Amino acid sequence: MPEPVPEESQSTELTGLFVEKPPENVTAVAGKDFTFIAKVDSTTLTRKPTMKWLKGKWMDLGSKAGKHMQFKETYDRNTKIYTYEMKIVKVVAGDAGGYRCEVTAKDKCDSCTFEITVEAAQQEEQADILSAFKRADAGEDEGDLDFSALLKAAKKKKKPEKEEPPIDVWELLKNAHPSEYEKIAFEYGITDLRGMLKRLKKMKTVEPKHSEAFLKKLESCYSVEKGKKIVLRCEVVDPDVQVKWLKNGQEIKPSAKYLMESSGNVRTLTINKTTLADDAAYECVVGEDKCFTEVFVKEPPVTITKLMDDYHVVVGERVEFEIEVSEEGAHVMWYFEDQELHKDKDSKFRFKKDGKKHTLIIQEATLDDIGMYHAWTNGGHTKGELEVEEKELEVLQDIADLTVRATDQAVFKCEVSDDKVTGKWFKDGVEVLPSNRIKMTHIGRFHRLIIDDVKPEDAGDYTFVPDGYALSLSAKLNFLEIKIDYVPRQDPPKIHLDTTGNMVSQNTIIVVAGNKLRLDVEITGEPAPTVVWSKGEQPITDTEGRVRVENRKDLSCFVIEGAERDDEGNYTICVTNPAGEDKAMLFVKIVDVPDPPEHVKCTSVGEDTATIVWEPPKFDGGAPIKGYLMERKKKGSSRWTKLNFDVYESTTYEAKRMIEGVLYEMRVFAVNSIGLSQPSLNSKPFMPIAPTSEPTRLTVHDVTDSTCSLRWLAPEKIGAGGLDGYVIEYCKDGDTQWVVANQELCEKQGYVVRGLPVGEKINFRVVAVNIAGRSPPAILAQPVTIREIMEHPKIRLPRELRTKYIRKVGEKINLTIPFQGKPRPIATWYKDGQPLDPKMVSVRNSNVDSILFIRSAEREHSGTYELVLQIENMEDRASVIIKIVEKPGPPLKVRVTDVWGFNAALEWEPPRDDGNCEITGYTIQKADLKTKEWFTIYEHNRRTNCTASDLIMGNEYMFRVYSENLCGLSEEPCHSKNTAVIAKTGLIHKANPYKEKDMTCVPKFTQPLVDRSVVAGYSTAISCAVKGFPKPKIVWMKNKMIIGEDPKYLMQNNQGVLTLNIRKPSSFDGGKYSCLAVNELGQDEVECQLSVHVAVDPDKK
């Protein structure tokens, strides 16, 4: 196995992130499970680390996750340590080799390597060596070499032979040509040829043989992802030679998939759109010379795009678990609990593939199928739960008792809830068999027993028993005998009502809506009486139609076909003859399935629950409501899931085992003794949402005599309901009544509770609120005493105000000086020791800062401003020097002092008004009196004199000078009082007697060094000015020690202005600095004290 490749990236910092690593050398026993553990400390990481388990150089084991290799990740919140586990189930020999685990987190990474050695189990010491290389489902490589069918055929032909000595397959492979590897694998049944070849490569050490045909051979191996392109490249000695490319010993022909190119000495083979079939050994052949390589095709992980749903069914129903994967033709493994499901002839499970859809089908679910079903791919996992309940049969229509006369037809009818249920009919406990006169039918949910030409022996108790259920339906058949007696000629009419059968009382008949009512009433009387049926006061005379009367001799039949609700009422039969009359009153009650329940709605939700309420149906069908059945579905789906199989009596139901953040709809059925109503209207969509967890890190930020400032962090778990805000509550210590501090929800993570009693101990708590309600409260561990905390006043002067604050005339000044102190300090401003004039300067003070505001700065605003902060007898002071500057006035007394040749010497005096800041230079211009056009001859001239050169002979010049400071040039120049006339050549000039001035001068410092105090870490400079002629030599010293060529110091000399720059001084650079100027006439020295102090953060202080 190749050694792990070191990281080459220069931008990633290699740090020790592992706190526990797998052991470097591991010996595993074949067939046993083995687990590797790595732990990573995330306390210094800004984001979650990513772990990769690798085998060899390139193989990412994450794509091999499945039954053989399992990966697990856990996180400990207390220690902030991530634990990663890799478990190899039933180790095989192919798992041996070098491994690497690599963890990365933004700009940090760490890795460790370990080696696995696989030993055979002790009881298998004599096993065939080939058995160690049978590849597992998710072993080292994909693309199984399956010779099982050929091996089975070989077993059939095998005859008993003499035992031959065992053949050493290793020796065969060592000495064989690579083109014969496949043949040896076929002959000896090797299923993991590639794994054996890799181990063989480690076993044999082949001396590198110099090739005369190749300048550069192919790489030892190549890796490519499935579907991508790969290029195999080598270089040959002869640029005109032809090469052959072989794949597993077979020559490759040029095609759209395989492109062979030749460019000079370079030969390339390009393989387009690689598949698992391209995972093979390749050769490039030049005459007798060859070079070899292997191409490994990595299959990308297949992810699951549509997860599995849960099912809730009854026994016998069909179940289809359906998922969708990211690629067509992907391999999906199905598991029931921990047992893998296979497609066998006798198996009850069926597997279906349709493009990216994969379906597990259970034709008829049983109670044994209850459990969790899993679907695994090499890059994903999903699961669904199957719940199966015992099927219960409901009687929708019971058998009614019948009373019939001879030769009439008797029909027993019942209706059950399952149209697939069969059953048997019994008479007085004896099974009824079909005959010409007796017929039994089963149409849908209806079962009928029809007896034609009823005879007296047909009377008795009839029972229908459904198959497979402990249930029976019984009714009685009464035979009506007609007796002929001698009657007198005159006999009053008589109505003979049979109170048995479907009469629940003497005058009430119950009929199921949709069924037929046939009431046969025997009538006696001589002469034959007249029969009149009426409903209320309305007589019924129809002899045909849905509601009709059929009169026969001694019998009157009242028939209602397909009973409806309007048919309910009081019915009267009246019989009359000359001898008298008789009346009977009947009440026909129509019963039906109830109306659907109304106003189904969700009243409250939880993390995975919802409370549903509804109103009973307006019409109960004439029979009491037994209860309700509920169903739910996801919004947008068409599949309803039953929530209960037993009738639920209440009108409030709590639905459980729902998914948070998913929209659901509910509907309800009403059930009475007749049957099941139509479903109610769907409820409005609702979403199970849980309250958040409690807020975290509740702390007290500030306390005064009447307020308390609280701060906290958001809850760790918010969920799909989001976060609407917070409620802050408080109560006195020892009390149990909490008072709400905020009337409206607080959206920020901080709040100031006001109006608290001074000196009381108060408990505080904070509750997060969302659409699902209130979270558990976050409570302070200790009560808070409401009393102002004394804090010393402290002014935090901004850094830019610690030096002179310079602004131009007319600019706006707005200085904010923050401070701290409790109780609220009194802030007072002074200018140059005097109280501020509110007409000139505006001041605004708050609890935490003081603002000094000048709308338009004037020169008189310059000065030293002092802020005094007082709390009782404690105070703090800070000063700010404000300097208001403007443009300077013009120089004074500009004059031409000398003219010689083509030159003129000028002198002037500094301006009376320097604009309240240092004059930085002068600008000198000249103009010819002929043209009077001005030209600049000097800018930023620091001296009060200059020499104008290159003047034109014969011209007369005038001059003007502008003064300059920080704000710019003066508004007006000063013109020279006299002019400079450049005389023409040849004229005799009688020069005044000139005595050369002695310019020699002893060195003398015109500007001394000034003591300074600086902050450590900020570069600074000290400067002075010197004059002297000849030019003096300058020596800088620190504490009387000469500063040499130290790179920390930079020494400059600009026209006598000496500067020593000190780069980022530390506390060791403080001391006494001196500057010595020396020439042949003498020397002079100046010195200063430099103090360096370390800046201290006021907060930390």
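Me: Why is Cys731 called buried?

Reply: The relative accessible area of Cys731 is 3%. Buried means under 20% relative accessible area, exposed over 50%, and partly exposed in between, with a 1.4 Å probe and protein chains only. Cys731 is therefore classed as buried. The model is predicted, so local features need pLDDT of at least 70 and side-chain atom pairs count only at pLDDT 80 or more, while totals for chains, interfaces and linings use all residues. Residues are numbered from 1 along each chain as its sequence is written, and side-chain values use heavy atoms, with hydrogens and water left out.

Me: Why does Cys602 count as partly exposed?

Reply: Its relative accessibility is 26%, and Cys602 therefore counts as partly exposed.

Me: How many disulfides does a search of the whole structure find?

Reply: The search finds zero. A disulfide here requires a pair of cysteine sulfur atoms within 2.5 Å.

Me: What makes His447 buried or exposed?

Reply: His447 has a relative accessible area of 2%, and is therefore buried. Its place is in strand 35, residues 446–451. Strands (E, at least two residues) and helices (H or I, at least four) are DSSP runs numbered from the N terminus.

Me: What does the side chain of His447 reach?

Reply: It reaches the backbone oxygen of Val421 at 3.2 Å. A polar contact is a pair of N or O atoms within 3.5 Å; within protein, one must be able to donate a hydrogen and the other to accept it, and residues adjacent in sequence count only if both atoms are side-chain atoms. Not counting residues up to four places away in sequence, His447 also touches residues including Phe412, Trp425 and Phe464, a contact being heavy atoms within 4.5 Å.

Me: What makes up the largest nonpolar core?

Reply: This core has 25 residues, and those with the most contacts inside it are Phe18, Phe36, Met51, Trp53 and Met86. Strands 3, 4, 5, 8, 9 and 10 each supply at least two of its residues. A nonpolar core is a set of buried Ala, Val, Leu, Ile, Met, Phe, Trp, Tyr and Cys residues joined through side-chain atoms within 4.5 Å. Leaving aside neighbours within four places in sequence, the contacts of Met51 include Phe18, Tyr84 and Cys101.

Me: Where does pLDDT stay under 50?

Reply: One such stretch is residues 123–164, for which the model has 48 contacts beyond four places in sequence. pLDDT is the predictor's confidence in each residue, from 0 to 100. Where pLDDT is low, the predicted coordinates should not be read in detail.
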